[in-house]
Amino acid sequence: MKLWLAPNGLHIECGEVSDAKKIAELHAQAFYRGWSVAEFEGFLTNKAHTPIFVASDKKKSIAGFAIIRQTGDEAELLSIVVAKNKRSKGIGAALLRAILDDLLNTPVEKFFLEVDEKNYAAIKLYKNFGFVEIAKRSGYYRDKNGKKSTALVMSLQLE
Amino acid sequence: MSKILLAIDTSGARLQLALSAGDQIDILVKDIELGRFSKGFAEIIFDKIAEILKRNDIIYQQLERICVATGPGSFTGLRVGISAARGLALGLDIETIGIPNLLALSLTNEAKNFAIVIDARRNQSYAQNFYQAGEPNEEPKLLNFEDAFEIYKKHEFDDAIIDMKSFVDFGQSLDAAKFPANPCYVREADAKVQSKGLVI
């Protein structure tokens, strides 16, 4: 199976159903409303539409993952998470590179994502990959205190 | 006398060009990088074609035939490579020949009755059986890789990089009417709705 190299001795590969629990734990650390193990199992069984790219070490300890949803000639970044103690090491960029490399072999021409407008580090990363802001969704996110924040919608033409 | 032929392969993560003139074949390979500051196939293909022509003292008007890999492979790459080949051929009033990738990959195999099975990602594979090099006995198929390995008795994927020398040699003799430069995606753009709803 295809493997991509990532910083810190990590590699990236397509996740398997057996990774669902670890992925759900990591997701819950990063997002207020984490998705369930069952939801991730659902995604992982449907690799053609919702593949999950997992960055892990040799012992299968997961440092980050990214999930996309692909429909026809469009794809969307559903979620991307890097473990708190593994951030600022280029793992997010490595995950994005793996996704873009993978999408070359699919009919996908346009790749979309949403990001909190205050998440400057992520926005910078996406801009470095050529994503451009195409819209805003105000009040899209809500944190555990009920505070709302705006999402930027960004897109990348895969040419 | 062999034709002055330009061959283009944009089906993978690298641009491969080959120029055949007289008994010489020159090959130019350039990796494609991903990201904002990198250049994709569309940005580099004509510069690289100019480069390989120039270093062989050939001008566009001397080209007699253009061969292009038609896939399956990188959808973006195939669109760029096939468009470039057809555009050039139209302008120069010469023939284009489209050679499907699995057929191209068969050319370096000296066995009889063998299969080529390559990684299509996401647990899938592209597979095709051949009587011998350059002679398929079925259409290319998209299969789960476990099924393909079982059917074709394989333990690993074949290398998916086209050997440009055999590609050029093969392209010299083909009939353009039988090998049109049309993309062969095998995996079609499917927009079917998922049966299980997503809660997102």
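Predicted model: local features only at pLDDT ≥ 70, side-chain atom pairs only at ≥ 80, totals over all residues.
Helix 4 of chain A (residues 120-128) lies across strand 6 (110-116) and strand 8 (148-157) of chain A, and its direction makes about 160° with strand 6 of chain A.

**The sheet of chain A**

Those strands belong to an open sheet of eight strands in chain A, ordered 1-2-3-4-5-6-8-7 with mixed pairing. At the edges stand strand 1 (4-6) and strand 7 (132-142) of chain A, each of which pairs on one side only. From one strand to the next, the twist averages 25°.

| Strands | Sense | Bridges | Facing residues |
|---|---|---|---|
| Strand 1 and strand 2 (10-14) of chain A | antiparallel | three | A:L5 and A:H11 |
| Strand 5 and strand 6 of chain A | parallel | four | A:L77 and A:L113 |
| Strand 1 (5-9) and strand 2 (14-21) of chain B | antiparallel | five | B:L6 and B:L19 |

**Two domains in chain A**

The domain assignment divides chain A into domain 1 (1-108) and domain 2 (109-159). Taken over C-alpha atoms, the centres of domain 1 and domain 2 of chain A are separated by 18 Å. Domain 1 of chain A brings 11 residues to the contact, and domain 2 of chain A brings 10 residues. On the side of domain 1 of chain A that touches domain 2 of chain A, strand 5 (74-82) and helix 3 (91-103) of chain A each supply at least two residues. The residues of that side of domain 1 of chain A are seven nonpolar, one polar and three charged.

**The nonpolar core**

Which residues touch the most other members of the largest nonpolar core? This core has 93 residues, and those with the most contacts to other members are A:F53, A:A55, A:F65, A:L95, B:A7 and B:F167. Domain 1 and domain 2 of chain A both contribute residues, so the core lies between them. In soluble globular proteins, nonpolar side chains tend to be buried together.

Leaving aside neighbours within four places in sequence, A:A55 is in contact with A:A6, A:L10, A:I12, A:A63, A:G64, A:F65, A:I91, A:A94 and A:L95. Among these partners are A:F65 and A:L95, which are also named in the core list above.

**The sheet of chain B**

Now turn to chain B, where five strands make an open sheet in the order 3-2-1-4-5, again with mixed pairing. Strand 3 (24-31) and strand 5 (95-99) of chain B are at the edges with a single partner strand each, so one side of each has no neighbour in the sheet. Neighbouring strands here are turned by 15° against each other on average, direction ignored.

Which helices meet these strands? Helix 2 of chain B (residues 75-92) lies across strand 1, strand 4 (65-69) and strand 5 of chain B, and runs at about 170° to strand 4 of chain B. Helix 5 of chain B (residues 164-173) also packs on the sheet, touching strand 1, strand 2, strand 3, strand 4 and strand 5 of chain B. The direction of helix 5 makes about 130° with that of strand 1 of chain B.

Note on methods: Residues numbered from 1 in each chain as written. Chains lettered and ligands numbered in written order. Pairing = 2+ DSSP bridges. Axes fitted to C-alpha atoms, helices over the stretch in contact; angles between N-to-C directions. Contact = placed C-beta atoms within 7 Å. Core = buried A, V, L, I, M, F, W, Y, C linked by C-beta atoms within 7 Å. Buried ≥ 20, exposed ≤ 12 C-beta atoms within 10 Å, placed from the backbone. Domains from an automatic or database assignment. Nonpolar A, V, L, I, M, F, W, Y, C, P; charged D, E, K, R; others polar.
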